[in-house]
Amino acid sequence: MSGEEEILKQLINHLEVGIHVVDKDGKTIYYNEAMGRIEGLKPEKVLGKKVVDVVKGLDENNSTLMNALKNKKSYEDVIQKYKGEIRKDIITINTTVPVMVRDSIVAAIEISKDMTQLKELSEKICKLENLNKTKKEHYRFKDIITENDSMKKEINKAMKAALTNSSVLIYGETGCGKELFAQSMHYNGTRSKGPFIAINCAAIPSELLEGILFGTVKGSFTGAENRKGLFEEAHRGTILLDEINSMNPSLQSKLLRVLQEGYIRPLGSNKDIEIDVRVIATLNERPDKLIKEGNLRKDFYYRLSVVKINIPPLRDRKDDISVLISHFIDYYNRILGKNILNIDEGVLKQFIDYNWPGNVRELKNMIESAINMVDDNIPMLKKEHFEIHILKKEEKLYVQDRGFLESRLALQDYLENVEYKIIKEVLKNTKGNITKASEILKISRQNLQYKIKKYKLL
């Protein structure tokens, strides 16, 4: 064997995907170690033999390799399920290509991704997530803690939407409470007695997601069974499609048809099933950015966003920090058996100055962590109970506007510098009238008062 051939052999053997090559008669001429791990076979046992002779669960009709030879056509992302010699069920996603020389077929190459454990895990996650939601107390609007005017406006919008069947799109950064809104709309709405089924679209490969959503019919792919999809399970209820932007455009197109027509078609079926499902979807990135990047179909977005809920990040509702801290202290006092009364004023100030990239979830986790660190006889959360990076805050120097690149400031510092100058100018023009200034700036009085205090403007 030449050096180049040895390099190629080692390269192929260390790939994570299975590689299986057969000649024109279907006899194996190459079978890498990854393929052996998938099918539970040693490569030497397969070489020189037909795959259907060594893999019990495959025959001439359901083997993608044999079909590629027979039909002289390629198969892309085909799900194949069959019985193995050691593993009970094998599920792969195969791309199979015939090799043609002057119109004659000389071989076929198959690339297989092992989806066995991933499919089982995906189904278990879906079942466990929704099983856990049936066991625990459901979120309702009363569980949304806020004093912020912008947040109250979105809650009011969601309350009205709860009484309709229109699809809803919720946009908010990670940790803002998108599922809190979704559950509240379901359990305070007209469908509260029906099922609420949530699925994180980012957690499941797109090749499997369609079958999980719409169901499968026996024979739709090798080894497929009759299985209800989540849309059918959610009949007369609500389905939450979390992180919808992670769904590929092709599946977005099929979902658009479901939203428009009220029918689903399971994989492999030629019959439509009528469904009555209210769809709530979430995004954690700006819709305009996702559409521009091609990750969100514009027609799909418009059909989903009959009602749009925009949850403001915690950095834009700093007036909620104090009330949220009190709520989380009470909550974790009960769970952890502590008796914390409040938080140190200096720490609270630093919390208000912090940007909270992880939003309410980050704040909640921070309070839980701190209460775990407090001795039973200490009634106050202090600086030493928290992670240091949150409590570090450099003094901002508000410079004249020389342009971002010239200023040499970090982006956040530069934006705060611009905000400082705008608020200062508006306060000067309104002679310090906070009500008038807040109307001009189109922010709440509480938010403006917080910013005035932050920038030491009055």
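Ser112 belongs to strand E5, residues 104-114. Helices here are DSSP runs of H or I with at least four residues, strands are runs of E with at least two, and both are numbered from the N terminus.

What does the side chain of Ser112 make a polar contact with? The partner is the side chain of Asn94, at 2.8 Å. A polar contact is a pair of N or O atoms within 3.5 Å; within protein, one must be able to donate a hydrogen and the other to accept it, and residues adjacent in sequence count only if both atoms are side-chain atoms. Setting aside neighbours within four places in sequence, Ser112 is in contact (heavy atoms within 4.5 Å) with residues including Val17, Met35, Ile38 and Asn94.

## About the model

This is a predicted model, where local features need pLDDT of at least 70 and side-chain atom pairs pLDDT 80 or more, while totals for chains, interfaces and linings use all residues. Residues are numbered from 1 along each chain as its sequence is written, and side-chain values use heavy atoms, leaving out hydrogens and water.

## Two loop residues with positive phi

Asp103 sits in the loop between strands E4 (89-101) and E5. Asp103 isn't a glycine, yet its phi is positive, about 70°. Asp103 is exposed, at 68% relative accessibility.

Lys431 is in the loop between helices H19 (411-429) and H20 (434-441). Its phi is also positive, near 55°, and Lys431 is exposed at 79%.

## The whole protein

The protein has 21 helices and 16 strands, and 45% of its 458 residues are buried.

Key. Buried means under 20% relative accessible area, exposed over 50%, partly exposed in between (1.4 Å probe, protein chains only).
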